[in-house]
Amino acid sequence: MFPGGALLGCDAGFLNASRIKGSHAAIKSGMLAADAAFNALGENRQSDELSAYRAAFEASWLKEELHKARNFKPSMSKGLVAGTLLVGIDQVLFGGKAPWTLRHTHADHECLRPAADFAPIAYPKPDGKLTFDRLSSVFISNTNHGEDQPAHLTLKDKAVPVQINLAKYAGPEARYCPAGVYEFVKNEDNTDRLQINAQNCVHCKTCDIKDPTQNIVWVTPEGGGGPNYSGM
């Protein structure tokens, strides 16, 4: 919470990672915040903190559910075997009420290792039946951004993607982005450069989290832009 507003849903971290579900948490937290805001307006309050929202969350089933799942992601970050064992102890033996809380010790972008430490993976081409190329999936998402709006994806230093990310990590931004926003292309002199196709962005913010040099600046685009999943 902050004066005049509050964070809800995924913005507040209300994702049950063990179930990969967050829509119900977004709806519930929205309801709790709406009740708190309605009461505040009824009391002619403005620009203060919705303390009732925090209290309502603490007393809700959502808090209980998220508390039980709190150790899932930190456990699985330790690897499949160790993570499965830890999750089993936490969820089966203690029912999500273990007397400890595991925490991440590193930011996600700090965990990326040099490409030289790994063998390249040869992925099969999409068959158009069970697997699909990224641009086809972007088309289905109906993603759209106004052509005249300022780019919401920029770089702090335009030299970093090629000199560091491509040279050391084999250009991870060209792979972790699910929408093909980032791609390395050749200049006329055969040197590399990073091309940003901001209009393809589906607002997942993976680049903001995973960029190893934290060189990508993700800002909120104009309202109404982004994915429009008509089938949801």
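Student: Where is His-152 found in this model?

Tutor: His-152 sits in the loop between H6 and S1. Keep in mind as we talk that this is a predicted model.

Student: Why is His-152 called buried?

Tutor: Its relative accessible area is 3%, and buried means under 20%, so His-152 is buried.

Student: Which residues does His-152 touch, not counting residues up to four places away in sequence?

Tutor: Its contacts include His-145, Ala-198, Cys-201 and His-203. Val-217, Trp-218, Val-219 and Pro-221 also touch His-152.

Student: What makes Gln-195 partly exposed?

Tutor: Gln-195, in strand S3, has a relative accessible area of 25%. Buried would need a value under 20% and exposed one over 50%, so Gln-195 counts as partly exposed.

Student: And which residues does Gln-195 touch, not counting residues up to four places away in sequence?

Tutor: Those are Val-181, Tyr-182, Glu-183 and Val-185. Gly-79, by contrast, lies 34 Å from Gln-195, C-alpha to C-alpha, and 116 residues from it in sequence.

Student: How do you know that the buried residues of H7 line one face of the helix?

Tutor: Good one! In H7, residues 160-169, the buried residues are Val-160, Pro-161, Asn-165 and Tyr-169. Viewed down the axis of H7, the buried residues fall within an arc of 80°, so they line one face of the helix.

Student: What covers the buried residues of H7, and which exposed residues are on the face turned away?

Tutor: The cover includes strands S1, S2 and S3 and helix H8. Gln-163 and Ala-167 are the exposed residues on the face turned away from the buried side. Just after H7, Ala-170 has a positive phi of about 60°.

Student: Why does Phe-94 count as partly exposed?

Tutor: Phe-94 lies in the loop between helices H5 and H6. Its relative accessibility is 32%, which is between the cut-offs of 20% and 50%, so Phe-94 counts as partly exposed. Phe-94 also belongs to a nonpolar surface patch with Leu-85, Ile-89, Leu-93 and Trp-100, and together they have about 480 Å² of accessible area.

Student: Which residues of the largest nonpolar core touch the most other members?

Tutor: Of its 14 residues, these are Leu-153, Cys-177, Ala-179, Val-181, Tyr-182 and Cys-207. Another core, of eleven residues, lies apart from it, including Phe-14, Ala-40, Phe-57 and Leu-62.

Note on methods
Residues are numbered from 1 along each chain as its sequence is written. This is a predicted model: local features need pLDDT of at least 70, side-chain atom pairs count only at pLDDT 80 or more; totals for chains, interfaces and linings use all residues. Side-chain values use heavy atoms; hydrogens and water are left out. Buried means under 20% relative accessible area, exposed over 50%, partly exposed in between (1.4 Å probe, protein chains only). Helices (H or I, at least four residues) and strands (E, at least two) are DSSP runs, numbered from the N terminus. The arc is that of the directions from the helix axis to the C-beta atoms. Contact means heavy atoms within 4.5 Å. Patches are made of residues with over 30% relative accessible area and no salt bridge: like charges are joined within 9 Å, nonpolar side chains (Val, Leu, Ile, Met, Phe, Trp, Tyr) within 5 Å. Accessible areas come from the Shrake-Rupley method with a 1.4 Å probe; for residues, only the protein chains shown count as cover. A salt bridge is a side-chain nitrogen of Lys or Arg within 4 Å of a carboxyl oxygen of Asp or Glu. A nonpolar core is a set of buried Ala, Val, Leu, Ile, Met, Phe, Trp, Tyr and Cys residues joined through side-chain atoms within 4.5 Å.
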